Amino acid sequence: MTLDHVVCETETPAQTQEAEARPLWLRFDRWWLLFAGVVFIVLLLVIRRPDPYRRIVVFLEDGIRVTLSITVVSFLFILFAGLVGGLGRVAKNPIINGIASIYVEIVRGIPLLVQLLFIYYASPIVLRDLGRRLAAVWPALSVRLIEIKLNPFAAAVLGLTICYGAYMSEIVRAGIESISKGQMEAARSLGMSYFQAMRYIILPQAVRVILPPVGNEFVALLKDSSLVSVVAVADMTRRGREFMASTFLALETWMMVALLYLVMTLFFARVVTYIERKLSYVR
Amino acid sequence: MSDNIIEIEHVSKRFGRVVALDDVSLTVERGEVVVVIGPSGGGKSTLLRCINHLEAVDSGHIVVDGIPLTQAENIDKVRAEVGIVFQLFNLFPHLTALENVTLAQRVVRKRSQEGAESIAHELLDKVGIPEKADAYPAQLSGGQQQRVAIARALAMQPRIMLFDEPTSALDPEMIKEVLDVMLDLAREGMTMLVVSHEMGFVKAAAHRIAFMCDGHIVEETTPEGLFTAPKEERTRQFLSQILT
């Protein structure tokens, strides 16, 4: 599903052992070959055929920045949403558990693209209508709701957070549930509260368990962020469409866009592996 | 005033259709060492776990050191007074031995880092593994892990220690090192409720034995009484099985 798998599977056990001593970024395995190859192709195209490839890259530059910042900003919110949602999913309180479960079930059943379209185009209508109804009761809020204008970037971050937050909640829930019940019992029997036990005992262990799927989510999010191009965010994909519309260079444009996404995803997949190794501990 | 530190009155507990505890009553006096024996599935562990509310009872009352185990705020008070040692140690694998012993002191007892560490070093010394303070649980043998677990419980300065089959997950050669620590505790006058089949420990330290079977306490007796003249047929059967 993600590049992370490719990276791991290319190392046979023997190679892994032999290379274990070297730090990860110095290990010249197949990931390096792939990464260097892709970067080489990009550079070759840009240098040898500046027209159109250099023009494309220059035109995409803003978009790359938008794609990266939307991914990083959303991911921070997603981590928070996943933590809250995951804790909700394992909560014994039926109301909290119910709310978290309904959130996850609804969001997982609607395509991300549709969620983004709904938030950007449909939710202002809902808010405006709500504002009109509130006019008599709460005029100040009513005016604000009627005049609301969604910033495309904020709408995109909101949409990605709501959607990926649900998936992240499930990852966090699975991580918490993977820690043996004895850990919670031991912590509680020492007099720790539920939240102290979560904070000091369960979550630190769960984090190590869920790091690989969380890293996968980051890479998946980077790719899915291309969907925000439909809600007027000038990310790399949208910039690519704009460039193509004015030049009709479909093959060149989309090849370069694809290569640049690949450079980014390969890079982050490796960063995730690196963090995983750093955080692992003797069991 | 009686000096009963644990009072268990008519406690029943069922898991679905299985009756784990059926109208069980037991009292433990301050400073007393009570060993609970009996076949597995007889409710011994459940009884222990009810005392610090890892399991909620269905009916009956439990009073620990004058605190009834009913409202939520009392449960935390009781847990602070009662230390428990588990069959599978349940050490925190992401923390070193020292951190295992200091964590609850800092976040529950609000002791300073230095204060907690000096108590922890003292206790690790007491259980005989001062040199393992910086080792992670995975680097320790089972016996060493269990001794860290005992130190971790003692760090909260409990008035009562519960032991839930503390040696049954250990290799034979490691049992003694854990039992020695428990014997020391008993000699110091700690109130202990122990689920165990270690007859050596029973002979050396127990004041009283409770034999549990099918959710009932079938017989309460002294160690001498148990070995010389068990009253109940069921006790006799059980003893003949574990003593041969």
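H4(A) crosses H10(A) with right-handed geometry. This is a predicted model, so to speak of H4(A) here is to speak of residues 50-90 of chain A, by the rule that helices are DSSP runs numbered from the N terminus. The H4(A) side of the contact includes Thr67(A), Leu68(A), Phe75(A), Ile78(A) and Val90(A), while the H10(A) side includes Tyr194(A), Met198(A), Phe218(A) and Leu222(A). Sorted by class, the residues of this contact come out as 15 nonpolar, three polar and one charged.

H10(A) spans residues 194-224 and also packs against H9(A), residues 181-189. That crossing is right-handed too. Here Gln183(A), Met184(A), Ala187(A) and Arg188(A) of H9(A) touch a set of H10(A) residues, among them Ala197(A), Ile201(A) and Gln205(A). The contact of H9(A) with H10(A) has seven nonpolar, two polar and one charged residues.

| Helix pair | Angle | Axis separation |
|---|---|---|
| H4(A) and H10(A) | roughly 140° | within 10 Å |
| H9(A) and H10(A) | about 140° | 9 Å |

Now for the neighbouring chain. In the A–B interface, 19 residues of chain A contact 25 residues of chain B. About 1900 Å² is buried between the chains, with 65% coming from carbon and sulfur atoms. How many salt bridges link chain A and chain B? The count is one: Glu185(A) pairs with Arg49(B), their closest N and O atoms lying 2.6 Å apart.

How values were computed
Residues numbered from 1 in each chain as written. Chains lettered and ligands numbered in written order. Predicted model: local features only at pLDDT ≥ 70, side-chain atom pairs only at ≥ 80, totals over all residues. Heavy atoms only, no water. Axes fitted to C-alpha atoms, helices over the stretch in contact; angles between N-to-C directions. Helix = DSSP H or I, 4+ residues; strand = E, 2+ residues; numbered from the N terminus. Left-handed = near helix turned anticlockwise from the far one by under 90°. Contact = heavy atoms within 4.5 Å. Nonpolar A, V, L, I, M, F, W, Y, C, P; charged D, E, K, R; others polar. Buried area = accessible area lost by both parts, 1.4 Å probe. Salt bridge = Lys/Arg side-chain N within 4 Å of Asp/Glu carboxyl O.
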